[in-house]
Amino acid sequence: KQLMSEVEAFTANSKEEVEAFRIKYSGKKGLVNDIIADFRDVPNEMKRDYGRAMNMLKSAALEKVNTLKEALEDANDISSSSINDTSRPGEAIEIGARHPISIVKNQIIDIFSRIGFNVSEGPEIEDDWHNFTALNLPEYHPARDMQDTFFIQTDPDVLLRTHTSSVQVRYMENNKPPIRTISPGRVYRNEAISGRSHCFFHQVEGLYIDKDVSFADLKQTLQYFTTEMFGKSKIRLRPSYFPFTEPSAEVDVYWGLETETDYKMTKGTGWLEIMGCGMVDPNVLENCGIDSKEYSGFAFGMGIDRIALLLHQISDIRMLSENDIRFLEQFKSAL
Ligand code: PHE
């Protein structure tokens, strides 16, 4: 009994201690064998109990040796592996970077959502109505040439959208004014690919429809946007033409002429063109089921890619779609 409790209570911190324990109990000249040797002299009536106790001690000693050995080996595994040193700095987890297009897109969404614009999306494969006809660009209208279009060969009614104005049409068809929405997304134009232009790029277009919306509201909204986006507040509106707005304008931001790059970017004028805009043509409102006598509105559209090139000093638009990890990695510290 006493030996049993000794065996049960035994613990060891090293292999040597376990080995000493094994020799003491289970070794050839160990206590277990001594007890077995004594068995002969045990009186017959006690042999049963003695035998049982003897066997229990024998297996308890063996089991103890095995469990202690295993425990020590486990501990050894841990101490020889790297996780034991808790003072070591952790290994950095590789995380990706946001794409510059997404960074700029999110900034634009954020700026407009602060003044009550929501985000709307639509399909990249469009029909003629939503991309052109509803926008006051009927078939054979020469202004269609402004946007070289990819058509699906078998069906002239199916095309890749050339602007996200198509989303604005869908939004007006499905929502009643007041409307304040921006539509970010990818658009396609059949243009030669170069460092400055691509056959696909990204836009954010905005639409605001309510009672008594004026050109002054448009200008103030753009003023707010350019100040938030570029930290530059001087803008100018140059008369322009879009079939879906009247009057229409091109928006320039004053970039200044402080560096060589400023000079190149602004063609020596200091003014940089960033978007098109105008008051939504009443025909467009009517096409989309909105009463043009009751409501008016403005719209604007800008290219995300060009703004990304500008803000992140990227020299070639093709880098935005080549997925070169050395390029993408550089945006890890950006938002
Ligand atoms: N849809 C025009 C384009 O892609 C941009 C624009 C939008 C112009 C809204 C005016 C008003 O070029």
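Author: The residue in question, E246, lies in strand β8 (residues 245–254); strands are DSSP runs of E of at least two residues, and helices are runs of H or I of at least four, numbered from the N terminus. This is a predicted model, in which local features need pLDDT of at least 70, side-chain atom pairs count only at pLDDT 80 or more, and totals for chains, interfaces and linings use all residues. Residues are numbered from 1 along each chain as its sequence is written, and side-chain values use heavy atoms, with hydrogens and water left out.

An unreviewed UniProt entry places the feature "binding site" at E246; such annotations may be inferred rather than shown by experiment. Beyond its neighbours within four places in sequence, E246 is in contact (heavy atoms within 4.5 Å) with M279 and D281.

As to the cysteines, a disulfide is a covalent bond between the sulfur atoms of two cysteines. Counted as pairs of cysteine sulfur atoms within 2.5 Å, the disulfides come to zero. The closest cysteine sulfur to that of C277 belongs to C288 and is 19 Å away, too far for a bond. C277 is buried, at 2% relative accessibility, and C199 also counts as buried, at 18%; buried means under 20% relative accessible area, exposed over 50% and partly exposed in between, with a 1.4 Å probe and protein chains only.

The protein chain averages 90, and 97% of the residues score at least 70.

Technical notes
pLDDT = per-residue confidence, 0-100.
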